Amino acid sequence: MKKFLIVGLGNIGEKYANTRHNIGFKVLDALVQKEDLKFETQKLGDLSTYKFKGRTFILLKPSTYMNLSGKAVQYWLTKEKVPLENLLVITDDLNLPFGNIRVKTKGSDGGHNGLKDIQSTLQTAKYNRFRFGISDEFSTGRQIDYVLGEWTDEENKTLTERLERSVELIKSFGTAGINNTMNTFNGK
């Protein structure tokens, strides 16, 4: 049975729950809710296991806070013996319009501290990432407030559909492969 580690980046705690920076947690929560699963607190994060079409998806919400995500990612990759090519990291992206999706097999951290720590810990930039656009609709010097701010009413109206699309992307990653997933979902 093929195993995949799907990591949603975010910060733990109620005050971060509905912030833009926690979209990784929100995507995994949507999958767990849709499939009637539960998260269980384990070492370095909350985990849930989803079985679909002969694949096992280990869903991880690190409890290390965003800037130290690499430790949890490396621990669960090793513990579950998941090959690096079966890792998918879900993160927010200021450089994409709200709700836009971009999947890549490698790349820079783009100034994202969670990705920076994962790259440093894994000693490679060659891992799959799923960037969810949160746009850059903030005033100069207000980036942190924006990223740690909650979704607007306007964004919330389309967020449910975008989360459903994100759940389909995760299933595609495990069943159709990274290249087909990029062709199907990028920019959509």
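## Around asparagine 128

Asparagine 128 touches Glu85, Leu87, Leu88, Val89, Lys104, Thr105, Phe173 and Ile178, once residues up to four places away in sequence are set aside. The model here is a predicted one. In it, asparagine 128 belongs to strand β7, which covers residues 128–133.

Is asparagine 128 buried or exposed? Its relative accessibility is 5%, and because buried means under 20%, asparagine 128 counts as buried.

In soluble globular proteins, nonpolar side chains tend to be buried together. Here, the largest nonpolar core has 31 residues, and Ile6, Leu59, Phe130 and Ile170 are those with the most contacts inside it. For a closer look, take isoleucine 170: leaving out neighbours within four places in sequence, isoleucine 170 is in contact with Ile6, Val27, Leu28, Leu31, Phe57, Leu88 and Ile90.

There is also a second, separate core of 19 residues, with Leu44, Met66, Val89 and Leu115 among them.

## Aromatic pairs

A pair of aromatic rings is described by the distance of the centres and the angle of the planes. How many aromatic pairs does the structure hold? There are 7 aromatic pairs. In one of them, tyrosine 50 and phenylalanine 57 have ring centres 5.7 Å apart and planes at 35°, so this pair is tilted. Tyrosine 50 and phenylalanine 57 are both buried. The two also belong to a cluster in which ring pairs link Phe4, Tyr50, Phe52, Phe57 and Phe173.

Phenylalanine 98 and phenylalanine 132 make an edge-to-face pair, because their planes are at 75°, with the ring centres 6.4 Å apart. Phenylalanine 98 lies in the loop between β5 (87–93) and β6 (101–104), whereas phenylalanine 132 is in strand β7, so the pair ties together parts that are 34 residues apart in sequence. As for accessibility, phenylalanine 98 counts as partly exposed at 21%, while phenylalanine 132 counts as buried at 0%.

## Charges over rings

Two lysines are worth a look too. The charged end of lysine 61 sits over the ring of phenylalanine 25, at 5.4 Å from the ring centre. Lysine 171 has its charged end over the ring of phenylalanine 52, at 5.2 Å from the centre. Phe52 is also one of the residues in the aromatic cluster.

Technical notes: Residues numbered from 1 in each chain as written. Predicted model: local features only at pLDDT ≥ 70, side-chain atom pairs only at ≥ 80, totals over all residues. Heavy atoms only, no water. Core = buried A, V, L, I, M, F, W, Y, C linked by side-chain atoms within 4.5 Å. Buried < 20%, exposed > 50% of the residue type's maximum accessible area, 1.4 Å probe, protein only. Contact = heavy atoms within 4.5 Å. Helix = DSSP H or I, 4+ residues; strand = E, 2+ residues; numbered from the N terminus. Phe/Tyr/Trp six-rings, centres within 6.5 Å; stacked < 30°, edge-to-face > 60°. Lys NZ or Arg CZ within 6 Å of the ring centre and 35° of its normal.
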